[in-house]
Amino acid sequence: MLDCAIIGGGPAGLTAGLYATRGGLKEVVMYEMGMPGGQITQSSEIENYPGVFREGLTGMELMEPWPAQCMHFGLKHEMKEVQRVRKTGKHFTVDLGSEQVEAKTVIVCTGSTPRRAGFKGEDEFFGRGVSTCATCDGFFYKDKEVAVLGGGDTALEEALYLANICSKVYVIHRRDSFRAAPPTVERAMKNEKIEFILNASIEEAFGDATGLQGIRIVFKDGREPLTLNVPGLFVFVGNNVNNKVLKQEDGSFLCKVNEQGEVIVDLKMHTSVPGLYAAGDIRIEAAKQVVCAAADGAVAGMQALNFVQELDA
Ligand code: FAD
Ligand code: NAP
């Protein structure tokens, strides 16, 4: 019987493991289907993790020391994909496909994945000009022109954020009406630095070994295609929440989730099921930043510790 099963080995999962083991839990296993580190390891440069700064620091370099620190206090890592978590009596059962493991508490830290739009060059230039995070990468384009793809709340809010940093922001959207809330649309329309390119889609992102150099845009109404020579393109076409492990056989979720499938938690990362916690990008209102995911993990790790101590008392 595990004291705590942690699912996902990104900043949230690793920090949950650090706090749970250092606080005294003995049997803590972090199930991470790949190498620990999480999605930040795809980033070519991170400069907003407090206290760790040098020019050109990659996400991989930032995360490299984290697992050793956690393992030092007793966290175990198993490179396995969790299929499902179920509540079985007083405890939880973690289904690993070939085996089932019982745990007193579970912390779900499986993150979320920004959707790809599907145009040519999107994958090739991802992390080299194509980004899904304005807070992370906007500053790299200070006083330069950038483009944003999408017409939802995220696209328009991030376009407004980028307009504070960049010299111009083109918003490319496939329709002429928006999913974003009307006041947000109005604010973006009024912003002098934002130019809308509507009924349009990106045909191709192009560049060279140094990164993105521009995008080719085509129009639904047969207008001449347009080329924008921008070094930065931000794609905000929705998000997939990695909540598969919480889905039960009957299609319901083990705990409460919102309409987007994000796990509803309180400020202590408690889900609607006692002993089950969610931390990091998978939860509601997540800031989707490494420092925030790590903080969530710390809170969840401490809560799991309290829960087990009370259960065993
Ligand atoms: P993740 O990091 O997504 O980790 C989740 C982990 O769970 C993954 O490793 C995955 O393999 C694992 N997993 C999922 N399902 C299962 C399963 N069923 N079984 C086992 N394991 C599973 N943030 C910043 O603060 N600054 C930046 O500059 C920055 N830049 C970024 C650049 C890029 C290109 C990307 C993609 C993200 C960036 N972010 C940045 C965001 C940051 O990476 C995330 O907010 C953060 O990693 C979230 O941490 P997490 O632990 O919640 O989830
Ligand atoms: P979203 O609402 O699903 O919007 C995605 C946008 O991307 C849509 O405009 C969509 O176009 C476009 N799109 C989708 N696939 C595309 C593709 N392949 N190519 C080009 N464009 C594509 O996603 P979101 O903006 O991330 O928001 C997700 C949820 O979070 C929403 O419920 C939103 O309201 C909420 N949210 C709220 C706030 C807030 O309240 N402040 C902030 C951010 C997000 P179509 O419109 O044509 O489908």
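This is a predicted model: local features need pLDDT of at least 70, side-chain atom pairs count only at pLDDT 80 or more; totals for chains, interfaces and linings use all residues.
## The disulfide

The model contains one disulfide. Its partners are C133 and C136, with the sulfurs 2.0 Å apart. The torsion about the S-S bond is 70°, and the link between C133 and C136 is right-handed. C133 is buried, at 16% relative accessibility. C136 is partly exposed, with a relative accessible area of 27%.

C136 also has a place in a ligand site: it is among the closest residues around ligand 1.

C166 takes part in no disulfide. Its nearest cysteine sulfur belongs to C133 and lies 13 Å away. C166 is buried, with a relative accessible area of 0%.

Why is C292 too far for a bond with C136? The C292 sulfur has its closest cysteine sulfur in C136, and the distance is 10 Å. A disulfide needs the two sulfur atoms within 2.5 Å. C292 is partly exposed, at 28% relative accessible area.

C4 sits in strand β1, which spans residues 2–7. Its relative accessibility is 0%, so C4 counts as buried. Setting aside residues up to four places away in sequence, C4 touches L25, E27, V28, V29, T105, I107 and A304. V28 is 24 residues from C4 in sequence, yet their C-alpha atoms are 4.9 Å apart.

## Ligand 1

The shell around ligand 1 has 30 residues. The closest are E32, N48, C136, D281 and V290. By class, the shell divides into 14 nonpolar, eleven polar and five charged residues. Two helices, α1 (11–22) and α7 (290–312), each supply at least two residues of this shell.

Oxygen atoms of ligand 1 meet both side-chain and backbone atoms. A polar side-chain atom of E32 lies 2.7 Å from a ligand 1 oxygen. From P11, a polar backbone atom is 3.3 Å from an oxygen of ligand 1. I40 places a backbone N or O atom 3.4 Å from an oxygen of ligand 1. On its own, ligand 1 has 1000 Å² of accessible area, and the protein covers 92% of it.

## Ligand 2

Ligand 2 is surrounded by 15 residues. D153, T154, E157, R175 and R179 are the closest. The shell comprises three nonpolar, seven polar and five charged residues.

For E157, an N or O atom of the side chain is 2.6 Å from a nitrogen of ligand 2. R175 has a polar side-chain atom 2.7 Å from an oxygen of ligand 2. The R174 side chain has an N or O atom 2.9 Å from an oxygen of ligand 2. Taken alone, ligand 2 exposes 920 Å², of which the protein buries 67%.

## E204 in strand β12

Is E204 buried or exposed? E204 is buried, with a relative accessible area of 17%. The residue lies in strand β12, residues 200–208.

Which residues does E204 touch, not counting those up to four places away in sequence? They are K120, G214, I215 and R216. With R216 there is also a polar contact, side chain to side chain, at 2.8 Å. V230 is 26 residues from E204 along the chain, and their C-alpha atoms are separated by 12 Å.

## Positive phi values

D143 is a residue other than glycine with a positive phi, near 60°. It is found in the loop between α4 (134–137) and β9 (145–149). D143 is exposed, with a relative accessible area of 55%.

N199 is not a glycine either, and its phi is positive at about 50°. N199 is placed in the loop between β11 (194–197) and β12. At 19% relative accessibility, N199 counts as buried. The cut-off explains this call, because buried means under 20% relative accessible area.

How values were computed: Residues are numbered from 1 along each chain as its sequence is written. Chains are lettered from A and ligands numbered from 1 in the order in which they are written. Side-chain values use heavy atoms; hydrogens and water are left out. Buried means under 20% relative accessible area, exposed over 50%, partly exposed in between (1.4 Å probe, protein chains only). A residue is near a molecule or strand if one of its heavy atoms lies within 4 Å of it. A polar contact is a pair of N or O atoms within 3.5 Å; within protein, one must be able to donate a hydrogen and the other to accept it, and residues adjacent in sequence count only if both atoms are side-chain atoms. Accessible areas come from the Shrake-Rupley method with a 1.4 Å probe; for residues, only the protein chains shown count as cover. Ala, Val, Leu, Ile, Met, Phe, Trp, Tyr, Cys and Pro count as nonpolar, Asp, Glu, Lys and Arg as charged, and the others, Gly among them, as polar. Helices (H or I, at least four residues) and strands (E, at least two) are DSSP runs, numbered from the N terminus. Contact means heavy atoms within 4.5 Å.
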